[in-house]
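Let's walk through this fold together, one question at a time. Have the coordinates open as you read.

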Amino acid sequence: MNKNILKNEYFFTFINKISTIVLGLLTTAFINRYAGAALKGEYVVLLNILNIVSVVANLGMYQAYPYYKRKGEADTLKRFVNIFYYQFILYSIVFLIVALLSKSNLTTLIFFMLPFAVLTNQINFIMMVENINYKNSINIIVTFIKFIVAVFTYVFLPKMLIVLVLNLLLYDVLIIVFYLIKLKVGFSLKYISVKFTIAIIKFGFIAMITSLLVNLNYKLDVLMLNNYVSSSLVGIYSVGVTLAEFGWLIPDTFKEVLFSKTAKSDSIQSIIYCLKISFYSIIAAIVLVVSIGKIFIKIMYGNEFLNSYLVTVILFLGIPAMAWFKIISTLYLAQGKRYFYLLTLLASVIANALANLILIPKFSIYGAAMASVISYTVCGGVFLVDFCSEYKINIIEIFKITKKNVTDLKKMIKIK
């Protein structure tokens, strides 16, 4: 029975997310206590800049993979992965040049991490489409290793930014090694085609812009907040963001499975049920955060981070709308609806920036959290309304639970 459960993509992804949440919470507890609010603030700013730079460096090419897989292109996997190898080599050379010429430690650190961050994102996406159960298995293993390293860091190592950077780098290297072993794609000039590369770069340009907008939607609050408040307050705010990101794992549970499904077909009914389950799961999570969040933060992170409680509560209010975006976007990306995706995200980022400009000076870290909720609601709301309009679905049906829903859900997740 246990073997059969683990074969089911939804069940196993759920197990993976629960493990990630538990181990992730413990890991962040040790890392935050190790770093303290000020160093954590510096580290978070560095990560946010790295994420944005890596999105541009990725060129969005990996997001073309589901589209080309659905087209049945020959040797699609080998062609994509070999292009990723060349990108890694190129960005490693760029790092060496920057290290020799740059006088900024922050810039050097960002370009040091860049090749690994880019390749991790690319291979992680490929594995999500190719073999999600393997991806989930490795994620559990690597997350556990990350927790052990965090404990070691807290107990034995001095408080330094480079230590936090090396912790992240270890995670990236492990993910890359495990996934490449499974994919079994060797380095070869045979699969490099100028025509194909140009084609996916063209496809990837819009995908890169949309990914950049997604990241700005997630990261803009921290980057703008850094211009108004101290590193300590940024560190406190980041705890709320981290806890909210664990809430994002609820829709991510379904998103990752749907990426695999929508790469083959539209799976509309599966998307509808995933929207329903994620919505009510998030509502339950919000109630839990409001009820015990303050006690949890005090126990896990200490009194220094207690002000992150209200930030966490506010950010959780934006997760239901973010779930609509995350789940529906799997279908739209697979269908190649890049321009709708782009314009919606652009509107969301503009709303985010304007809200931050207005709310941060008045409400500090809480204003940044409110701005994020506004942008999430704009983005998720547009996706939900368009999805319901496109497929003639009464929006009430997205939230209504019936006996037929329960029966159909059992069929959807039935272990074969």
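Q: Among contacts in the protein chain between residues at least 6 apart in sequence, what share joins residues at least 24 apart?
A: This is a predicted model, in which local features need pLDDT of at least 70, side-chain atom pairs count only at pLDDT 80 or more, and totals for chains, interfaces and linings use all residues. Residues are numbered from 1 along each chain as its sequence is written, and side-chain values use heavy atoms, with hydrogens and water left out. Contact here means heavy atoms within 4.5 Å. Among contacts between residues at least 6 apart in sequence, the share joining residues at least 24 apart is 85%.

Q: How many helices and how many strands does the protein chain have?
A: Both element types are DSSP runs numbered from the N terminus: helices are H or I with at least four residues, strands are E with at least two. Read along the sequence, the pattern is α-α-α-α-α-α-α-α-α-α-α-α-α-α. The count comes to 14 helices and zero strands.

Q: Why can the protein chain be called as compact as a globular protein of its length, and what is its radius of gyration?
A: The radius of gyration is taken over C-alpha atoms, and the globule rule is 2.2 Å times the number of residues to the power 0.38. For 416 residues that rule gives 22 Å, and the chain's value is close to it, so the chain is as compact as a globular protein of that length. Along its principal axes, the C-alpha trace spans about 55 × 50 × 45 Å. The radius of gyration is 21 Å.

Q: Is isoleucine 358 buried or exposed?
A: Isoleucine 358 lies in helix α13 (residues 338-390). Together with Tyr228, Leu343, Leu346, Ile350, Leu354 and Leu357, isoleucine 358 forms a nonpolar surface patch with about 680 Å² of accessible area. With a relative accessible area of 51%, isoleucine 358 is exposed.

Q: Which lysine meets the side chain of glutamate 130 in a salt bridge?
A: A salt bridge is a side-chain nitrogen of Lys or Arg within 4 Å of a carboxyl oxygen of Asp or Glu, and a search of the whole structure finds one. Its N to O distance is 3.1 Å, with glutamate 130 on one side. The pair links distant parts of the chain, 61 residues apart, from helix α5 (residues 105-130) to helix α3 (residues 65-71). The partner of glutamate 130 is lysine 69.

How values were computed. Patches are made of residues with over 30% relative accessible area and no salt bridge: like charges are joined within 9 Å, nonpolar side chains (Val, Leu, Ile, Met, Phe, Trp, Tyr) within 5 Å. Accessible areas come from the Shrake-Rupley method with a 1.4 Å probe; for residues, only the protein chains shown count as cover. Buried means under 20% relative accessible area, exposed over 50%, partly exposed in between (1.4 Å probe, protein chains only).
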